[in-house]
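User: Please take one part of this structure and look at it closely. Then show me how the rest relates to that part.

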Amino acid sequence: MRKLTAVVAVLILAAGCTKHDPILPGERTAIFEESTTTVVGGVIENLPDVAAGSTNIECPYTQDSSNVIRNGNRKIFTGFPTNNSVKSTQSPVCAGKYVIAGLTTGEVVKVNPANRNVEWIADVFRPSNMTGGASVLDIVAPIVIDGNAVYAGGMGDAFCRINLANGKKKWCTPISVSAPFIITEPAAFVAGTNGILYAVRTSDGAIYWQTPIGKCNKISYENQIITACKAKINAATGETI
């Protein structure tokens, strides 16, 4: 009987680890398709002097390591806690009357705090990571909203642009992210966990350029110059200054 129970349990678990893994209930959008990184090269034109900064908008909601979002003492969302996660401090982002948050389960959620309704759920990880790939899927880098675009990066090998209104994918590129990234339109600058800084084209997720920066978890942007720890990088070309 014990052997039969164990076999049934394994089959149920395997069935759950599909491309649309139901970690959270309800309608969801699997936004990452298996692909390789496309490097297009070239000089990035029309970069602004200041990066987008939606995370600077005052947002009164808090989030804990068990994926519970609160407004003061009131719970507005309860996610699925995970045993495998990294130590970090996540903060939800406000977009009008909605709250956008990244979870340790590798998902981004849009919640209406007034009625606690989950508007959409988007998976930010490669499907293979649910079937023996990365054991840590945390979204720890701050989410950035720029217009109707939600930019989110996770440790499940995905950096993505999501439609704010409906949670549908625009694109994802296979970059594992844990540090804050920069959105400048037409480019996003992302420090990968592999020690490489990527310039990602915001229109389609292709890579303009990539340059090694080593173990640096903090990048900043001003006047088309990226500061990555002690290094100064020309944002348009990726060349070290």
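Analyst: Strands here are DSSP runs of E with at least two residues, helices are runs of H or I with at least four, and both are numbered from the N terminus. Two strands pair if DSSP finds at least two bridges between them. The model is predicted: local features need pLDDT of at least 70 and side-chain atom pairs pLDDT 80 or more, while totals for chains, interfaces and linings use all residues. Residues are numbered from 1 along each chain as its sequence is written, and side-chain values use heavy atoms, without hydrogens and water.

The part to look at is strand 7, residues 107-112. Burial comes first. Across the protein, 45% of the 241 residues are buried.

Now the two faces. In a regular strand, side chains alternate between the two faces of the sheet. In strand 7, Glu-107, Val-109 and Val-111 point one way. Val-108, Lys-110 and Asn-112 point the other way. Residues of both sets are buried, with Glu-107 and Lys-110 among them.

A charge sits over a ring when NZ of Lys or CZ of Arg is within 6 Å of the centre and within 35 degrees of the ring normal.

Next, the partners. Ala-101 has Val-109 as its bridge partner. The hairpin between these strands has 4 residues in the gap, and Gly-106 takes a positive phi near 80° there.

Strand 7 also pairs with strand 8 (residues 117-123). This pairing is antiparallel too, with 6 bridges. Here Val-108 meets Ala-122 as its bridge partner. Again 4 residues separate the strands of the hairpin, and Arg-116 takes a positive phi near 60°.

Strand 10 (residues 149-154) joins strand 11 (residues 158-163) through 6 bridges. Val-150 stands opposite Ile-162. Their hairpin has 3 residues between the strands, and Asp-157 in the turn has a positive phi of about 65°. Strand 11 then pairs with strand 12 (residues 169-173) over 4 bridges. Cys-160 stands opposite Cys-172. That hairpin has 5 residues between the strands, with Gly-167 at a positive phi near 75°.

Rings of Phe, Tyr and Trp (its six-membered ring) pair if their centres lie within 6.5 Å; planes under 30 degrees apart are stacked, over 60 edge-to-face, the rest tilted. The count comes to 6 aromatic pairs. Tyr-151 and Phe-159 are stacked, at 6.5 Å centre to centre and 20° between planes. Both of these residues are buried. The centres of Tyr-151 and Trp-171 are 6.3 Å apart with planes at 55°, so this pair is tilted. Tyr-151 lies in strand 10 and Trp-171 in strand 12, so the pair ties together parts 20 residues apart in sequence. Trp-171 is buried, as is Tyr-151. Ring pairs join Tyr-151, Phe-159, Trp-171 and Phe-181 into a cluster.

For comparison, look at the open sheet of strands 2-3-4, also antiparallel. Strand 2 (62-63) and strand 4 (74-78) stand at its edges with a single partner each, so one side of each has no neighbour in the sheet. Strand 3 (residues 68-71) joins strand 4 by 4 bridges. Val-68 has Thr-78 as its bridge partner.

Val-40 lies between strand 1 (29-30) and strand 2. It is partly exposed, at 38% relative accessible area. Ile-207 is 167 residues away in sequence, yet 5.9 Å away C-alpha to C-alpha. Beyond four places in sequence, Val-40 touches Arg-201, Ala-206, Ile-207 and Tyr-208 (contact: heavy atoms within 4.5 Å). Arg-201 in turn lies over the face of Tyr-208, at 5.9 Å from the ring centre.

Overall, the protein has 1 helix and 19 strands. Among contacts between residues at least 6 apart in sequence, 52% join residues at least 24 apart.

Definitions and conventions:
Buried < 20%, exposed > 50% of the residue type's maximum accessible area, 1.4 Å probe, protein only.
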